[in-house]
Every structure is written in structure tokens, then in C-alpha cells.
Amino acid sequence: QPPPTGPADQIILPTRTVTPDYFDTLGHRFVAGRNFLRSDNQSNWQFPKPGPRDTPFVAILNQALADKYFPPATPLGKKLRFTFWLDRPMQISGVVTSKRSEGLTSPLTPEVYCCLWQQPVFTKHLVVRTGSDPRALAGPVQREMRDLDPDAAIDHVQTLEQIRDRSVAPQVFSTRLMTGFAAVATVLALAGIHGVLALGGKSRQRELTIRLAVGARKIVVLRLILREGATLIICGLALGSLCALAF
């Protein structure tokens with residue numbers, strides 16, 4: 001493919017540099033193509049070890065990017081050309097399922113994954129998957145990393161649950177706030193219903209007294225009052241539900 005000639009030919013995409021185990025750790029599934037291999041390295045960087053100079057640069061796309069820019073054909077074998085490395089286009093070697101990286105409420109966005117052996121980065125994030133409590137594993141993982149590199153700076157140790165909770169914190173706060181308002185509204189509504197029923201019963205005190213005097217049972221009078229109150233509650237709930245659905 002020819003290099004881009006202007007801004008109109010360029011696309012800004014989120015790029016993540018990962019190792020081959022990244023996809024299995026986070027539960028990505030390959031839709032097409034292959035994962036990164038140890039042979040996918042770049043001798044120019046001398047990292048992690050010198051490799052053949054004809055080793056092609058490879059990239060993996062997520063499904064969202066493939067659907068947006070390569071429908072309906074498969075993107076495998078096609079090439080991406082980055083502005084910071086125009087002389088070495090990247091060949092697309094695989095497509096993985098899309099994941100929400102910016103938050104659970106954000107839409108699925110196109111992403112490109114590059115191989116760490118070909119694209120070294122200065123800031124790295126270690127992702128560890130475990131079948132036990134991840135918080136109990138934080139200490140041993142940090143000690144192991146310091147044994148490998150005593151100068152490594154390790155910070156922001158978080159579980160995926162903490163990251164998830166932080167991403168939905170505004171929605172959780174809004175939901176709790178609305179729940180509090182709903183609880184207050186329910187108490188006010190119950191107080192209002194109690195006042196209406198009490199006023200209705202007091203205004204009909206003479207009638208109820210006569211009913212009891214001519215032999216009506218107390219349970220019958222009680223049912224009469226409760227039936228009228230239940231009718232008001234059911235009508236109010238029905239009308240409120242319809243208004244809530246409309247809005």
C-alpha cells in the first residue's frame with residue numbers, strides 16, 4: 001500500500017503493545033488468523049534477542065476494527081502503515097474479539113495490537129490471571145518482579161474488579177442517588193395515602209357507626225375502608241407506571 005499522502009488518508013487508532021499471553025489472560029478469542037509468535041521479533045531493537053531482518057512486522061486487530069474498515073473481506077494479509085514507521089508496514093496476522101477497554105459503559109472501539117518483541121515500550125502493565133483471590137497474589141507477584149529487576153518501579157496494583165468498579169462509579173452514584181429520592185418519595189406517598197384514608201374514615205364516622213349499630217361486623221367495615229384505599233393505591237401505581245414508561 002502506498003504511504004498516506006495527507007490527513008484525509010490517516011486514521012487515528014488506539015494501539016496496544018502486548019505479549020502473546022495477553023489475549024488468553026484477558027479472555028480474548030481469536031476469530032481469525034494467529035497469535036503473536038516468539039519468532040515475531042525485530043533485530044533493529046536487539047530485543048529480546050536478535051532476529052532475522054526479514055521478519056515481518058505483524059499486528060492483530062479486534063473485531064470492531066475489522067468490521068469497520070475491512071467488511072466484508074478478511075483483513076488477514078493486508079498491511080497497516082504507521083506514520084512513525086512508514087518504511088516498515090505491519091502485516092495483519094489475526095483478528096480477536098473486541099473488549100471494552102475504556103469502561104463498561106463505553107462503546108466497543110477499534111484497536112490494534114502490536115507485538116512487544118517488535119514494539120518496545122517504556123511504561124508497562126503486567127496482567128496476572130489467577131483462580132484464587134487476586135489481592136492475596138499481589139505481594140508475591142511484586143516480590144517476584146523485584147527479584148527479576150530490583151530497579152523496577154511498581155505502583156498502581158489493582159484487581160480487575162477494582163478497575164471495573166471505578167469505571168462504573170458515576171453510574172453507581174447516580175443510581176444510589178435516584179434510589180434515595182425514590183425512597184423519600186415512597187415515604188411521602190405512604191404518608192399522603194395514610195392522611196387520605198384517615199380523613200375519609202373520619203368523614204364517614206357517622207355512617208360506620210350506624211353500620212356497626214345495625215349489626216355489621218367489624219371485619220366487614222375494615223374491608224370496606226381497606227378496599228377503597230387499595231383502589232387508590234392500584235390506580236396511582238398504574239398511572240405512575242405509565243408515566244414512568246412514557247418518560
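Trainee: Which side chains meet in a salt bridge at 3.3 Å, N to O?

Mentor: A salt bridge is a side-chain nitrogen of Lys or Arg within 4 Å of a carboxyl oxygen of Asp or Glu. Here, the side chains of Glu-111 and Arg-16 form one, at 3.3 Å from N to O. Glu-111 belongs to the loop between strand 5 (85–96) and strand 6 (112–115), and Arg-16 to strand 1 (residues 15–18), so the pair ties together parts that are 95 residues apart in sequence. Strands (E, at least two residues) are DSSP runs, numbered from the N terminus. The model is predicted: local features need pLDDT of at least 70 and side-chain atom pairs count only at pLDDT 80 or more, whereas totals for chains, interfaces and linings use all residues. Residues are numbered from 1 along each chain as its sequence is written, and side-chain values use heavy atoms, leaving out hydrogens and water.

Trainee: Is Glu-111 buried or exposed?

Mentor: Buried means under 20% relative accessible area, exposed over 50%, and partly exposed in between (1.4 Å probe, protein chains only). Glu-111 is buried at 1% relative accessibility, while Arg-16 is partly exposed at 25%.

Trainee: How many salt bridges does the rule give?

Mentor: The count is 8 salt bridges. Among them, Arg-164 and Asp-165 meet at 3.2 Å, N to O; Arg-164 is partly exposed at 39%, and Asp-165 is partly exposed at 38%.

Terms used: Helices (H or I, at least four residues) and strands (E, at least two) are DSSP runs, numbered from the N terminus.
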